[in-house]
Amino acid sequence: MARPDKAAAVAEITELFRGSNAAVLTEYRGLTVKQVKTLRRSLGDNAQYAVVKNTLTKIAANEVGITELDDLFAGPTAVAFVTGDPVESAKALRDFAKENPALVIKGGVLDGKALSADEIKKLADLESREVLLAKLAGALKAKQSQTAALFQALPSKLVRTVEALREKVEQGGAGTPAPAAEETAAE
């Protein structure tokens, strides 16, 4: 291959690294073309799955400042460049790897931080962003309801206390002195 072709390939991979918020390195040895197409479809619009040359990808990753992945560039390598939700892409890769043991997740990078294969599997076990946001909204709404009930209870309790005092005064008569007043009069 001519030198300009390699430079163009490195530039393209560099742009893929820059344009993604995560990248997952996999080994695809033993997968058929049909299985790789199925994997690409399962990733959807969230990620771009590309079979890459190790040396060129290593150079591109280093240009972006990702040096922690250098040891993972061995054997047949493909990279899922994630532009959407990294959790959804990690789940798609994990689920595909369960059905097709030939796909091996090597590791990756998320927002500039290197991840091991185990960390990517833990990321896949997380709930999606939408579910987590919905749970947060539900928790915040519950706290607001509790606070509103508390603020509503205070005036209500004050009204009941004042009403009870008014009834007590009416039942006991207006001329009955308070117990504290009787004690001071006796002294």
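Author: Glu170 counts as exposed, at 56% relative accessibility (buried means under 20% relative accessible area, exposed over 50%, partly exposed in between, with a 1.4 Å probe and protein chains only). The model is a predicted one, in which local features need pLDDT of at least 70 and side-chain atom pairs count only at pLDDT 80 or more, while totals for chains, interfaces and linings use all residues. Residues are numbered from 1 along each chain as its sequence is written, and side-chain values use heavy atoms, with hydrogens and water left out.

Glu170 is paired with Arg166 in a salt bridge whose closest N and O atoms are 2.5 Å apart (the term requires a side-chain nitrogen of Lys or Arg within 4 Å of a carboxyl oxygen of Asp or Glu). Because Arg166 and Glu170 are four residues apart in helix α6, about one helical turn separates them (helices are DSSP runs of H or I with at least four residues, strands are runs of E with at least two, and both are numbered from the N terminus). Arg166 also forms a salt bridge with Glu163, here with 2.1 Å between the closest N and O atoms. Glu163 and Arg166 both belong to α6 and stand three residues apart, again about one turn. Arg166 is partly exposed at 38% relative accessible area, and Glu163 is likewise partly exposed, at 32%. An α-helix has 3.6 residues a turn, so residues three or four places apart point the same way.

Helix α6 spans residues 129–172 and includes Leu140.

Glu15 is partly exposed, its relative accessible area being 49%. Side chains of opposite charge can pair when their charged atoms come close.

Helix α1 covers residues 3–19, and its 17 residues reach 24 Å from first to last C-alpha, close to the 24 Å expected at 1.5 Å a residue (the expected span is 1.5 Å times one less than the number of residues). Val10, Ile13, Thr14, Leu16 and Phe17 are the buried positions named in α1. These residues lie on the same side of α1 because they cover an arc of only 160 degrees around the axis, the arc being that of the directions from the helix axis to the C-beta atoms. Exposed on the other side of α1 are Pro4, Glu12, Arg18 and Gly19. The buried residues of α1 pack against β1 (22–27), β2 (47–52), α3 (54–64) and β3 (77–82) (contact means heavy atoms within 4.5 Å).

Asn54 is placed in α3 and counts as buried, at 19% relative accessibility. Setting aside residues up to four places away in sequence, Asn54 touches Phe73, Ala74, Gly75 and Thr77.

Helix α5 (residues 117–125) has Ala117, Ile120, Leu123 and Ala124 as its buried residues. Their arc around the axis is only 115 degrees, which puts them on the same side of α5. The face turned away carries the exposed residues Asp118, Lys122 and Asp125. Asp125 is also linked with Arg94 and Asp95 in a network of salt bridges. The buried residues of α5 pack against β1, α4, β4 (104–110) and β5 (113–116).

Ser89 is found in α4 (residues 86–99) and is buried, with 2% relative accessible area. Beyond its neighbours within four places in sequence, Ser89 contacts Leu43, Asn46, Ala47 and Val82.

Finally, Asp111 occupies the loop between β4 and β5. Asp111 counts as exposed, at 63% relative accessibility, and has a positive phi of about 50 degrees although it is not a glycine.
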